[in-house]
Amino acid sequence: ASSIGGKKHSISTDYVLKVLGLDICSDTFVGNDMLRGVSGGQRKRVTTGEMIVGPRKTLFMDEISTGLDSSTTFQIVKCMRNFVHLMEATVLMGLLQPAPETYELFDDILLLSEGYMVYQGPRGKVLEFFESLGFKLPPRKGVADFLQEVTSKKDQAQYWADPSKPYVFIPVSEMAIAFKNSRFGKSLESTLSAPYDKSQSHPSALSRTKYAASRWELLNSCFAREKLLMTRQSFLYIFRTFQVAFVAFVTSTIFLRTKLHPVDEINGNLYLSCLFFGVVHMMFNGFSELSLLIFRLPVFYKQRDNLFHPAWIWSVVSWSIRVPYSAIEAVVWSCVLYYTVGFAPSAGRFFRFTFAQFVLHQMAVSLFRMLASLARDLVVANTFGSASLLLVFLLGGFVIPKDQIKPWWVWASWLSPLQYAQRAVSINEFTATRWKKISAIGNNTIGYNVLHQHGLPSAKYWYWLGVGVLIGYAVIFNIIVTLALAYLNPLSKGKAIVPEETEENSVRKDVESEKLTSDSSSAQGSSKKGMILPFEPLAMTFHNVNYSVDMPV
């Protein structure tokens, strides 16, 4: 049944959701710092289910019970047990003080202490081994707690049960030697020392590919997920579309065509100002992609490191699925603004204007995606994003004409994408027939004077050159995004550290303590070794807290 296509979920997915107790929140957001989602225990189970629902046959799970109650831990371990027995898999799991019913679910036990392997073998034989050493499990005592304390010097004596000889502490090293000499250790050694017959292995036992599915299947899966995420975030995109329409309407009322006429350079400067504002607005609309990508990076890094999909597929899909939205924004902006302001009425110039806005929006989206993938932190990305916007606007050719930029900054103006966008839309407008009237100032046309006044070229080929450069920038930025996602790792967070007190440091502290004039209590407090925390610890008190735990059946 799980191999039948055309269903929203496969049988294995539904089974994992049911066993992990996630079926009640299967359509709920996982959540983050700003969005309330599933609980902490459910989030851990989501991570577990994310790993076991695929084709993996070997799992290494360390301290998965941290922050979970015993009932939830029992359910997860029981699911792992079913996964191992039914799917012929192997799971190596480390738990901290598991409950007795959870301990009984394991097949084999591996007991490590102080760097020694004290025991490795069937769960039912571990007590027999320790009884051979003279230790016995007392009544009403969990086996897991017994194994954890029997190797401790402080708690070992209470388990001594050999009345024929007095108790003497048995260190972990001697326990490890006793295990190697026991029948359990010899059986394990004979099993591991036997040569492996490769002819008995199945050709498909080991994976010969890096990823579990083909590139086409991974591409379709990533595309379906991006489509689903855009559907879930439909309010954001709908709101942004209405925002574009509203800003275009307000702009058209400011630069209303009834008050603008292509008769002189003064009106031409107003038309050019409207064009520049449209270019700036499209640049700002791409800024929201910066935070959207930052919030998705933790999940991406986890899935990339677990070989869910390659970075280039995720990058290409997340870029391509935003192309239609860029087209929608450009069409909405152009339809509301173009003829209301009274730009050149030719249909060809309208479509060229719309195409330039579309390419500009794609370049802006790619620029901020690149900054997010390189910074990998929201604060750092916002800082660099704001700085890049200021530089792009300043060197865009409208705030400061290119002819007035200092010679040592001319090279930076050629690198500004906004300059090519401004040139494209300006050439598209001011090379129209209505701007070819001879100006009262000089012997040139009005359109030529307006362009020349702001240091803009007048050749028609600059439209396609500007659009081509914007497309090139979009491609280059997305290539950098792909490389950053493939080779950069997430930024490490600050952790609490405990400084090691060396002999030199202790002598220095003694010398300094002699010079202090504080009382003895403060001197004693300063000599204590503590932990350096990146925050100030606070004490919290709760009143009337009720906690309910489902008992396993």
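Guide: β3 and β4 pair in the antiparallel sense, over six bridges. This is a predicted model, and the description should be read with that in mind. The two strands form a hairpin with two residues between them. Glu114, in the turn, has a positive phi of about 55°. Within the pairing, Ile109 stands opposite Gly121 of β4.

In a regular strand the side chains alternate between the two faces of the sheet. β3 has a covered face made of Ile109, Leu111 and Ser113, while Asp108, Leu110 and Leu112 make up its uncovered face.

β3 (108–113) and β4 (116–122) each supply at least two residues to the lining of the second largest pocket, and so do α3 (70–87), β2 (90–94), α6 (143–149) and α8 (183–193). This pocket has a volume of about 1,200 Å³. Its lining comprises 39 residues, and those nearest the pocket centre are Met93, Phe106, Asp108, Ile109 and Leu110. By residue class, the lining divides into 24 nonpolar, ten polar and five charged residues.

Technical notes:
Residues are numbered from 1 along each chain as its sequence is written. This is a predicted model: local features need pLDDT of at least 70, side-chain atom pairs count only at pLDDT 80 or more; totals for chains, interfaces and linings use all residues. Side-chain values use heavy atoms; hydrogens and water are left out. On a 1 Å grid over the protein atoms alone, a cavity is a set of points where a 1.4 Å probe fits but cannot get out, and a pocket is an open set with protein on both sides within 12 Å along at least five of seven lines; lining residues have an atom within 4 Å of a point. Grid points are joined across faces, edges and corners, and a volume is the space filled by probe spheres set on the points. Helices (H or I, at least four residues) and strands (E, at least two) are DSSP runs, numbered from the N terminus. Ala, Val, Leu, Ile, Met, Phe, Trp, Tyr, Cys and Pro count as nonpolar, Asp, Glu, Lys and Arg as charged, and the others, Gly among them, as polar. Buried means under 20% relative accessible area, exposed over 50%, partly exposed in between (1.4 Å probe, protein chains only). Two strands pair if DSSP finds at least two bridges between them.
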